[in-house]
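Please look over the sequence and the structure before reading on.

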Amino acid sequence: MHTVPLKLVTIIAEGLLRDRLVHELLELGATGYTLSEVKGEGSRGVRASDFAGRNVRIESIVPPGLADRILDHLAEHYFAHYAVVVYTMDVDVVRGDKYVGD
Amino acid sequence: MHTVPLKLVTIIAEGLLRDRLVHELLELGATGYTLSEVKGEGSRGVRASDFAGRNVRIESIVPPGLADRILDHLAEHYFAHYAVVVYTMDVDVVRGDKYVGD
Amino acid sequence: MHTVPLKLVTIIAEGLLRDRLVHELLELGATGYTLSEVKGEGSRGVRASDFAGRNVRIESIVPPGLADRILDHLAEHYFAHYAVVVYTMDVDVVRGDKYVGD
């Protein structure tokens, strides 16, 4: 099976940020995303009061260059004020051409 | 800790396909799976009308050869008609021998 | 964007173990975790009667050495009696210094 190496970007944030983050993801060029409800706690490194309770996990499969731009965007607009967790991992994606924006 | 390098296969599909996909995964040789409810949207590459709303994420840890067979199976039976998202990633699994079928 | 290579440890266990596992994760040095509800089944390698139904997925981003200690701990205290699934994967984490305990 032919697969394409891409990046899975995972963003975990308070639920209130969901729609805004999704909108910005798509604006930056992501072609889709997956949402799931999670709970979380950052007991030391992240301020627990901000991060405990209901959160949303937003995942998007994107090319490496777009992953970098998403991370830059989040750093610039969220990190000072929100307890957002962001990480990327390597994935091999079937029909990978569908994840490259216009 | 001794771990075994295996593949985590992730399938995201509309909820109606859940039981059928799980049945086929096990038929192909997977020894287990994990289900979670997600929402998703493919805004460009995937037909949004097919993919928006409630979906199921099915994950299964399998040996590399079985991962390939699962991807081939999905490509043959689903890709023409369903907006299924499929990707694999490398994982290091404790008690990895449990994930190899008979 | 500067990222730090860390390990994402995923633990899937019956829901009753949730609080105990979270407590032990933090005791071992993890600085946070994410919880989500999943369903699962281990059809052959794992005793299905123990593992079917509602489970919890616990994820934590930690340095590699701590990932090893978590796996050792789980092996020693859980594997003989519980159908716990444990795996790790490589992730690149933004603000990775937040995930290193005191």
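C:Tyr82 is partly exposed, with a relative accessible area of 24% (buried is under 20%, exposed over 50%, partly exposed in between; 1.4 Å probe, protein chains only). The model is predicted: local features need pLDDT of at least 70 and side-chain atom pairs count only at pLDDT 80 or more, while totals for chains, interfaces and linings use all residues. Residues are numbered from 1 along each chain as its sequence is written, chains are lettered from A and ligands numbered from 1 in the order in which they are written, and side-chain values use heavy atoms, without hydrogens and water.

**Aromatic pairs**
- Over all chains there are 3 aromatic pairs (rings of Phe, Tyr and Trp, its six-membered ring, with centres within 6.5 Å; stacked is under 30 degrees between planes, edge-to-face over 60, tilted the rest).
- One of them is A:Tyr78 with A:Tyr82, tilted at 50 degrees, with 5.6 Å from centre to centre.
- A:Tyr78 is buried at 0% relative accessibility, whereas A:Tyr82 is partly exposed at 24%.
- C:Tyr78 and C:Tyr82 have ring centres 5.6 Å apart and planes at 50 degrees, so this pair is tilted.
- C:Tyr78 is buried, at 0% relative accessibility.

**Charges over rings**
- A:Arg95 places its charged end over the ring of B:Phe79, 3.9 Å from the ring centre (CZ of Arg or NZ of Lys within 6 Å of the centre and within 35 degrees of the ring normal).
- The ring of A:Phe79 has the charged end of C:Arg95 over it, 3.9 Å from its centre.

**Chain relation**
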